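Welcome to a short tour of a protein model. Please keep the sequence and the 3D view side by side as you read.

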Amino acid sequence: MAQILITGKNWTARALLRAQLIEEGFDVEAYEDVRAVVDRLWGSRGMPSLLIVDLFESKKPVEDIATLFHWAKLLPIWILAGHGTSGADTLAGQGFEKVLFRPLDLGKLVQEIKERLAS
């Protein structure tokens with residue numbers, strides 16, 4: 001079973017995505033911020049199949065992007081951001097597997113995740 005980690009400040013959005021992915025049969029862990037998910041990654045023996053990072057309400061998006069840049073070499077990372085998110089203009093070419101901008105359709109996002117992890 002594929003393991004997915006989700007991080008994002010907005011608990012409602014995080015909970016909805018987590019619930020839908022669990023419903024689809026994935027093992028999902030959710031965290032409030034990038035620091036918490038990095039602590040989890042350092043303490044783990046294995047890497048998740050996918051890390052989804054919602055930067056939309058991050059208090060330190062530029063710092064989060066810099067931290068995630070190093071992890072993008074080790075695992076696939078999908079970034080969710082708003083068009084006004086600080087540092088969003090630097091996301092292209094940082095090694096992230098996918099960069100998506102809000103607003104997003106939750107059903108389509110879950111479908112894309114399923115297709116990605118099926119391959």
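The report below looks at strands, helices and a few loop residues in turn.

This is a predicted model, in which local features need pLDDT of at least 70 and side-chain atom pairs count only at pLDDT 80 or more, while totals for chains, interfaces and linings use all residues. Residues are numbered from 1 along each chain as its sequence is written, and side-chain values use heavy atoms, with hydrogens and water left out.

**The strands**

The helices (H or I, at least four residues) and strands (E, at least two) are DSSP runs, numbered from the N terminus. Two strands count as paired if DSSP finds at least two bridges between them.

| Strands | Direction | Bridges | Facing residues |
|---|---|---|---|
| E3 and E4 | parallel | four bridges | Ile52 and Trp78 |

Five of the five residues of E3 are buried, so the strand is largely enclosed by the rest of the structure. Here, buried means under 20% relative accessible area, exposed means over 50%, and partly exposed lies in between (1.4 Å probe, protein chains only). Leu50, Ile52 and Asp54 point one way from E3, whereas Leu51 and Val53 point the other way.

**Helix H2**

Which residues of H2 are buried? They are Val34, Val37, Val38, Arg40 and Leu41. Seen down the axis of H2, these buried residues fall within an arc of 155°, so they line one face of the helix. The arc is that of the directions from the helix axis to the C-beta atoms. The buried residues of H2 pack against E1, E2, E3 and helix H3, where contact means heavy atoms within 4.5 Å.

**Helix H4**

Helix H4 covers residues 106–118, and at 1.5 Å a residue its 13 residues should span 18 Å, which agrees with the 18 Å between its end C-alpha atoms. The expected span is 1.5 Å times one less than the number of residues.

The buried residues of H4 are Leu109, Val110, Ile113 and Leu117. They cover an arc of only 95° around the axis, which puts them on the same side of H4. What covers them includes strands E1, E3, E4 and E5, along with helix H1. The face turned away from the buried side carries the exposed residues Lys108 and Ala118. At the start of H4, a side-chain oxygen of Asp105 reaches to within 2.9 Å of the backbone nitrogen of Gly107.

**Two loop residues**

Where is Ser58 found? Ser58 sits in the loop between E3 and H3. Its side chain reaches the backbone nitrogen of Lys60 at 3.1 Å, and makes a polar contact with the side chain of Asp64 at 2.6 Å. A polar contact is a pair of N or O atoms within 3.5 Å; within protein, one must be able to donate a hydrogen and the other to accept it, and residues adjacent in sequence count only if both atoms are side-chain atoms.

Asp33 has its place in the loop between E2 and helix H2. Asp33 is partly exposed, with a relative accessible area of 33%.
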